Amino acid sequence: MKRTQLLIIVCVLVASALGVFFYKVTQLGFPVIPDLDSDTWTIESKVSFTGRGEPVTLRLALPEAQGQYSIIDESFIASGFGIETETDETGRRAIFERRGQDGSAVLFYRAKLISVDQRTENGERRAEPEAISDYRRSERRRAIQENATPLLVALDSVLTEALEKSAGERSFITQLARLSIDTNDDRITTIIEGGPPDIDNAAERLVFLLNAAGTPARLVEGIMLDADTRQAPLDSWVEYWLDGQWVSADPVSADPLDNARALPIVYDGAPVVDGDGFRRLGVSWSVARNFESQLLRAMERGAEYAPWVNATSLLSLPIDLQLVFRVLLLIPLGALIIVVLKQVIGMPAFGTFMPILIALAFRETSLLTGMLLFVGIVSVGLLLRAYFNQLQLLLVPRLAAVLIIVTFLMMFIALAGEASGIQTGLSISLFPLVIITMTIERMSLTWEEDGASEALKKAAGSLAGAVPGYWILTNEYIEHIAIVFPELLLIVLAIVLMLGRYTGYKVTEFFRFKVLARHGET
Amino acid sequence: MKLFPSTGLSKAGVLGINSRNLDFIAAYNPRRFYPLVDDKVITKKLAIEAGVTVPELFGVIRYGGEVHLIEEIAKRHKSFVVKPSRGSGGGGIMVFNGVAKAGLRRMNGRIMPWGDVKYHLNNMLSGMFSMGDGSDQVMLEERLVPHSAFSKLAFGGVPDVRVIVFRGIPVMGMLRLPTAESDGKANLHQGGIGAGIDMVTGITTRGVQHNDSVDLHPDFETPVRDFQVPGWPDILELVSRLGHHVGLGYVGVDIVICEHKGPTLLELNARPGIAIQTANLRGLRPLLEAIHALPDIPEDVHKRIEIGKANWTRQSLERFHTLEGDHV
């Protein structure tokens, strides 16, 4: 009875999942394999603010329509606001206006970008911009003869040294950057003191020196398009004019950055958002690598023949939500792994879904660092937990104390990571505190009651379970399938339901009862 | 649902955890009866109802404010056991056999200071050793003195007999002996010895420790096989009576054979482990399936014991089908 009900449910689930999947693949042409080389991106800017009941004017800097990227589609979501765009020498911006805004409001800007190969672009060279500086060589010479200020002398000396040590424009820039960062050099301190304000900052100083040398250069604030993220940080770098094009470069070493990744938004320190009539301004940028054009075509076809496909597609959600679902949709697969590990293999582990939660945490840190962090924090926590036990604290306060210590540990790791230049420090902020604390508590209990070997076995089991979980949660192909064909998760549900009625042996039981298999009754 | 092909295990009739959970626990143990066995205070009442001997309850500590009561009880009774009411796997249980000024004397002779005792009680009250979440109560109970027959078989603790009872019929039993390694605890996964018992005679057939066959108790070098469990007929009657009374179809009954009181109920377990099969070198499945096939179960406890013995020797249970008339 239960069996037949279950079989019917499973068949319905599998049939509907496969039906929708094959329809989408064969009729609408949804791609099964992601095109990982595709270089189109969607960026989304979310501006939130609170109005004071006064007229609001808000200017938001937008990515450049020309440059390495060309914008193929852009849209605003700002109900009740008048929108116009303007372009000046500091970049392009959108102006949102409203007569009176009371309470909080959120504005969205979304753009689809395609990388354009500069070399094939019409073949025409753009007009060379002019270096903006009062200290260009000819003017400097004259100025020194008239009035040899310490600034001019220092500047001249630095530029001359860079010129002497270099063979060509490219190495001149590198030499200049190398000299520019040395703040122990008296000439550089003189330049910082005598030059325009703000050039104690390495990037601004390099821009100043390059312009003084006659090489057009500017400071850029923008986004590096390298991974899908909901909180893309605004980076700053420099651009200089070399061989007829703007080259994006590291603000300290002046080494060129990957032009295909750097998306400029504002130049020369212009604000990303400004205006008046509001307070509590917040701006965040999300970035997502677009699915390839094949997928876009499929969506268009879908809009024509089967509007329900698009209506139920996660790809129509705003990107920051899409990015959440890219992780969320993988969790059912993680759950499936746990079910297999526990019911079919019989792997010992703390808690039911602990391994998958650990895997989720590893996703933020990468597997190896995650493992090291986990083992490190848990072992220090175990030592402290043992000490707290000697102090005879009650259970809940003791857990809380361990939790607080774990918070401090993570803080120290983050600080140490920052000091030694390892970036993992930032990502452990999402490392789940409570999970680690519970692991410590359970592990120390198991340790006391069943001995060290049992505790270590379970800890190893939890970590080992996290490895396949990590692999699934970070695999690009699986992620693509999950977000493009979420209906396939019904099959996962079907498998989990089937395993719910699994009465066979666990793999570990073959070892546990191997004596019986040999000598048992026949 | 099966995944693996027929193997030595299935030929030996081994019952796996998955099958135990679905085919026997889920099918025969209604969830609402769980509190009866999970809470040892309730189990004790139930056992008294069924006319089964239980250790005397000296007192129950419910809140942190009552922890000081242990001093009074200790003075009055000297020798007693503290255990969490909803404990699992023997966690938190502590045995004392004397009172000193500084604290309580444990079985190993060491004095546990009052502070440590109360800290331990508080940990138990906050549910550290208990199933589920949240708080628990602490039971203070009579310490059972094991039967003198065990003097050379149990190291530093109390041995017990575990019997699996299915539909009120005893199915399989094992004697659990504490060792130095298990720290006086009779639990197999902590290093205790499990000895299979012939259900007809009550004589042990073999012993295992950590899944390996052992013939001698490691601490005494005494043989663990061919040992006659004292009071075996009484044990069978106790487990069969109680197993029928609690309403759980599949239950593990743990019994201590007390020097003074005879077989005494220690606790009931709604999810008894499957290690008993290794101790007996015998799979549970065929024994359980034969009982599963019985259309009805006799009310008379002696009839049920008779079925249990017949089942152990693998006789056909056909003849019991007609015992109570109406069957399909």
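Me: How many residues of chain B are in contact with chain A?

Reply: Two residues are in contact if their C-beta atoms, placed from the backbone, lie within 7 Å. In this predicted model, 32 residues of chain B are in contact with 27 residues of chain A. Residues are numbered from 1 along each chain as its sequence is written, while chains are lettered from A, and ligands numbered from 1, in the order in which they are written. Local features need pLDDT of at least 70 and side-chain atom pairs count only at pLDDT 80 or more, whereas totals for chains, interfaces and linings use all residues.

Me: Which helix gives the most to the side of chain B that touches chain A?

Reply: Helices are DSSP runs (H or I, at least four residues), and strands likewise (E, at least two), numbered from the N terminus. H2(B) gives the most, with 5 residues. At least two residues each come from H1 (8-11), H2 (17-28), H6 (114-125) and H8 (276-280) of chain B.

Me: What about the interior? Which residues touch the most other members of the largest nonpolar core?

Reply: A nonpolar core is a set of buried Ala, Val, Leu, Ile, Met, Phe, Trp, Tyr and Cys residues joined through C-beta atoms within 7 Å. Buried means that 20 or more other C-beta atoms lie within 10 Å of the residue's own, placed from the backbone. The largest core has 68 residues, and Val165(B), Val171(B), Val239(B) and Ile255(B) touch the most other members. A second, separate core of 58 residues includes Leu60(A) and Ala217(A).

Me: What percentage of chain A is buried?

Reply: Of its 522 residues, 31% are buried. Chain A has 20 helices and 13 strands.

Technical notes
A residue is buried if 20 or more other C-beta atoms lie within 10 Å of its own, exposed if 12 or fewer, and partly exposed in between; C-beta atoms are placed from the backbone.
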